[in-house]
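Please have a look at the structure first.

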Amino acid sequence: MLFAPTFIRALAAAAIFCTLSAPVLGADPKPDAVVKSKSIEARVFLDDKIKADTRLAADCLAEGKEWLDKNATEAAASRKADPQFFRDGGWDFERKYEIRSIVADRYVSILCNDYMNTRGAHPNSDVNTILWDKANNKRISIRPFFTETADNAPTMNAMLKAVIASLRIEKTKRGAGETATDEWFKELRPSLLKIGAVTLAPSTEAGKSSGLTFHYPPYAVGPYAEGEYVAFVPWATLKPYLTAEGTRIFGGARPKGDAEKP
């Protein structure tokens with residue numbers, strides 16, 4: 001059966017219209033805060049689970065906006081002092097807040113990943129964490145889960161020993177055993193403020209945490225080329241140091257999918 005040229009042209013036009021009018025899948029999400037100038041373009045994103053919690057979203061967004069303002073000020077000053085370094089464009093920064101785990105329907109672990117391009121040899125990245133107490137709508141540390149967390153005391157020494165053991169294993173998996181040395185771990189200390197950014201790891205047991213994960217950006221415990229590292233400390237390793245609340249929230253094992261992440 002033959003179709004008239006006019007009918008064929010109509011079908012083609014209709015196909016083009018449908019293609020152009022269809023929604024674009026996989027479009028980039030809209031930033032929750034942004035700064036854009038000749039010196040810098042910087043964005044902050046909150047994941048949907050964070051935005052579903054009004055108090056948590058407000059807390060993260062306030063911090064994110066402070067980060068934007070700080071870097072915009074630094075970029076403007078740098079451009080004024082050394083304009084030649086901005087010939088190819090301004091700085092490009094991005095921060096993403098993402099929920100990693102929710103334990104006991106109360107403790108929310110959040111990863112804060114930063115991307116920073118100041119037009120140097122290569123971009124840089126950083127990672128920090130937040131532990132949010134939904135019951136009291138505030139940030140907390142992991143102190144409530146341990147009987148003591150004093151610097152250089154038993155809990156922190158046991159934690160640091162387990163962190164370094166985990167990092168050595170991860171480096172071996174990556175074929176980077178030559179950097180699994182004390183020299184690369186010397187900045188880590190048996191102190192909550194110097195051991196690394198920590199989250200409660202998810203668990204195979206609902207509502208529980210399988211232990212602690214410590215997150216390190218490039219350069220923190222290895223050369224830039226090795227990228228980020230995550231050290232995992234099972235809750236059982238720290239069982240002798242747990243409070244009643246720690247005993248309540250920890251249990252189970254680390255899910256396979258989580259363990260396979262970088």
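By contact I mean heavy atoms within 4.5 Å. With that in hand, among contacts in the chain between residues at least 6 apart in sequence, 60% join residues at least 24 apart.

A word on the source: this is a predicted model, in which local features need pLDDT of at least 70 and side-chain atom pairs count only at pLDDT 80 or more, while totals for chains, interfaces and linings use all residues. Residues are numbered from 1 along each chain as its sequence is written, and side-chain values use heavy atoms, with hydrogens and water left out.

The chain holds seven helices and nine strands, these being DSSP runs numbered from the N terminus (helices H or I, at least four residues; strands E, at least two). Of its 262 residues, 40% count as buried, that is, under 20% relative accessible area with a 1.4 Å probe, protein chains only.

Now to the sheet, which is open, with three strands in the order S7-S8-S9 and antiparallel pairing, where two strands pair if DSSP finds at least two bridges between them. Strand S7 (197-201) and strand S9 (229-234) are at the edges with a single partner strand each, so one side of each is left without a neighbour in the sheet. Strand S8, residues 211-216, pairs with S9 in the antiparallel sense over six bridges, and Phe214 stands opposite Ala231 in S9.

Finally, helix H4 (residues 154-173) packs on this sheet and touches S8 and S9. Its direction makes about 130 degrees with that of S9, taking axes as lines fitted to C-alpha atoms, for helices over the stretch in contact, and angles from 0 to 180 degrees between N-to-C directions.

Terms used. Buried < 20%, exposed > 50% of the residue type's maximum accessible area, 1.4 Å probe, protein only.
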